[in-house]
Amino acid sequence: MLLRQHDQSMASAARRPGAVVRRANKGEGSHASRHPRGRHARKESLLRAACLVPPLALLAMLVGYPLVETLRTSVMRSTFIQPETVYVGLDNFSALLSADEFWAVVRNSVIWTAVVVSLQFVLGLAAAILLSKRFRGRTALRAVVIVPWVMPGIIAGVLWKLVYDPYLGPLNNLLGGIGPMGGNPAWLGATGTALFAVCVAAVWKGFPLSTVMYMAAYQNVPQDMRDAARIDGAGRWREFWHVTLPSMASTMRTTVLLTMVWTFNYFDLVYVMTKGGPGVSTEIFPTVVYRQAFSEVNYGVAAAYGVVSVLVLSVFTALYLRQLNRVGGLR
Amino acid sequence: MTSATATPAGRGRSNRLMSGAGVYAAAALLAAFVLGPVLWMVVTALKPRDEVFTSPPHWIPHHPTFENFGAALDPTFLRFMGNSLLVCTGATLLCVALALLASYTLSRPSGRMRHSVLVVVLVSQLLPQAVLLVPLYRSAEELGLLNSYAGLVVVYLTFTLPVAMWLLHGFIAAIPAELEEAAQADGLSSFRAFLTVIVPLARPGIAATAAFVFFTAWQDFMFALVFLTDEAKRTLPLGVLGYMGQYTVQWGQLMAASTLLLLPIMALFVAVQRHFVAGLTVGAVKG
């Protein structure tokens, strides 16, 4: 896929140079040669720098400022009842550490991220291998497999809420038809099952991207390496373990790290399906930040949660950047 | 597929990763998992009001009807759709223009700041939006930008601009720099060369980036939820949630509205899929 993209731009580029030269000749002619090279280069690099100013200024305003502001608010007491902000040092953080809610959020976030990311990895890889085989209907399946990923998160949430509905939903009906089920379990209403139920929906929503990535990587595995393994007498499984998987390893690392970040940050699905409930059983960092800030109007605590989640993410981000540097993505 | 070149050593074995029947069974499972919920959405949308509430549910509507679609397509829904179109188009135009400007600088290997800018761009893309949302909301409140489309368009840059800069930089860097240099040798300034030579060549990449921006803005729910308190100004995802009341859910209408919300974005996706997927995997599938 990558190759096709590249070839295409090369091909269309190769078709154009004639046109380019013609158009350029009509213009300012040999104007450029009259200027000394140094002044030209300086002017050009100034212009290049100037072009970066608007986007970077906006990012500073929209990402940099909120980040600093979150840090600042996390050491302030700032609530609806007491809008006057007071410096309280690390009080918000010590309040966090002694609250059951915080530890529930940590536990949920770990389970949520680990379960969703690992299932997306397994399912994404399995689907990619399947879709790289030849069979009738492959093209159609390749096209529809992306549907959950294209669907807005909120629609996916609403949809899965209906799937899990104890009486109207198809899930209980389906399970009831297969084996003995105790009553009609309310998957999203019970503290024991709600988190896993939301996880399944998140896997459904997100795994197609992994599939797309792994399909591209699978097709890039050099055929001669596979052939060489065969000649050496390797069976399909050994070929898979020793040739295919290692060739895909770097794509896998990148994809897993990306899905980790996205899952950790994902808000829409949980908000729509459970709002973090019942109790705090599905509360994760993004939803608790939202609730603390906008329902309980406790900006200090919300910011403290925010700082903790940024710290977690900075670890993921460091790993991601290291990985990108290794494959030369930043060069 | 791979067995085409198999040597005798490989052919005789039966330890294939997946046999013929296994492939079809796996494909059926995958299709059921992916499409099951979507089909249920459409089935529910086609059911009349009282049939939605039959328990156990009917797998196929006994009295299929389009009344839910009719009810969903009321003036409010159309207004929400108009709002979404307006905000997303605005966000796309602004974001792609800014990203193009940046890519003029970022895609050429001369700049010293290039590497650090790319790192900043990547990192800002990985930060949690929920955390950034709170200070942004409070600033917007002070500046009187709540409930304004312009405010929402600007705030959408928070998550669209870094991705757009990253994608466009990749697309434009793939175009040989010699073309720009050739045009410069013919007397164009480097910026003119960029605009008249590189940008037209990068059109597919620009289209894919624009589609991606439109697509993420169209999906946004969290920023709209916080920034738009005025019901008339709601975007489509927020409006759709309105069908979920506190106690009763109008499932038929909700599912019909969801289907209608999904259709334009599916159409857009199908149109740009090839470039889009290639663009996304450019960074990831390497080495």
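Q: What is the mean pLDDT of chain B?
A: This is a predicted model, in which local features need pLDDT of at least 70, side-chain atom pairs count only at pLDDT 80 or more, and totals for chains, interfaces and linings use all residues. The term pLDDT stands for the predictor's confidence in each residue, from 0 to 100. In chain B, 85% of the residues reach 70 or more, and the mean pLDDT is 81.

Q: Over which residues at the two ends of chain B does pLDDT stay under 50?
A: Residues are numbered from 1 along each chain as its sequence is written, while chains are lettered from A and ligands numbered from 1 in the order in which they are written. One stretch of chain B under 50 has 17 contacts beyond four places in sequence, and another has 20; two residues are in contact if their C-beta atoms, placed from the backbone, lie within 7 Å. Where pLDDT is low, the predicted coordinates should not be read in detail. The stretches in chain B are residues 1-15 and residues 283-287.

Q: Which helix of chain A has the lowest mean pLDDT?
A: Helices (H or I, at least four residues) and strands (E, at least two) are DSSP runs, numbered from the N terminus. Chain A averages a pLDDT of 82, and the highest mean among its elements, 95, belongs to helix H5 (residues 100-131). Over residues 1-35 of chain A, however, the pLDDT is below 50. The lowest mean, 37, is that of helix H1 (residues 2-15) of chain A.

Q: How far apart are the centres of domain 1 and domain 2 of chain B?
A: The bounds come from an automatic or database domain assignment, which gives domain 1 as 17-65 and domain 2 as 73-281 in chain B. Taken over C-alpha atoms, the centres of these two domains of chain B are separated by 33 Å.

Q: Which helix gives the most residues to the side of domain 1 of chain B that touches domain 2 of chain B?
A: The contact takes seven residues from domain 1 of chain B and six residues from domain 2 of chain B. On the domain 1 side, helix H2 (20-45) and helix H3 (49-52) of chain B each supply at least two residues. The most, four residues, come from H2(B).

Q: How are helix H8 of chain A and helix H2 of chain B oriented to each other?
A: The axes of H8(A), residues 153-164, and H2(B) come within 10 Å and cross at roughly 85°. Axes are lines fitted to C-alpha atoms, for helices over the stretch in contact, and angles run from 0 to 180 degrees between N-to-C directions. Angles under 35 degrees count as roughly parallel, over 145 as roughly antiparallel, 65 to 115 as roughly perpendicular and the rest as oblique. H8(A) and H2(B) are therefore roughly perpendicular.

Q: Which residues of H2(B) make the contact with H8(A)?
A: From H8(A), the contact uses Leu159(A), Trp160(A), Leu162(A) and Val163(A). From H2(B), the residues are Pro37(B), Trp40(B), Met41(B) and Thr44(B).

Q: How far apart are the end C-alpha atoms of residues 193-218 of chain B?
A: An unreviewed UniProt entry lists these residues among the "transmembrane region" features of chain B; its positions follow the numbering used here, feature names are shortened, and annotations may be inferred rather than shown by experiment. The span is 96% helix and 0% strand, and its end C-alpha atoms are separated by 34 Å.
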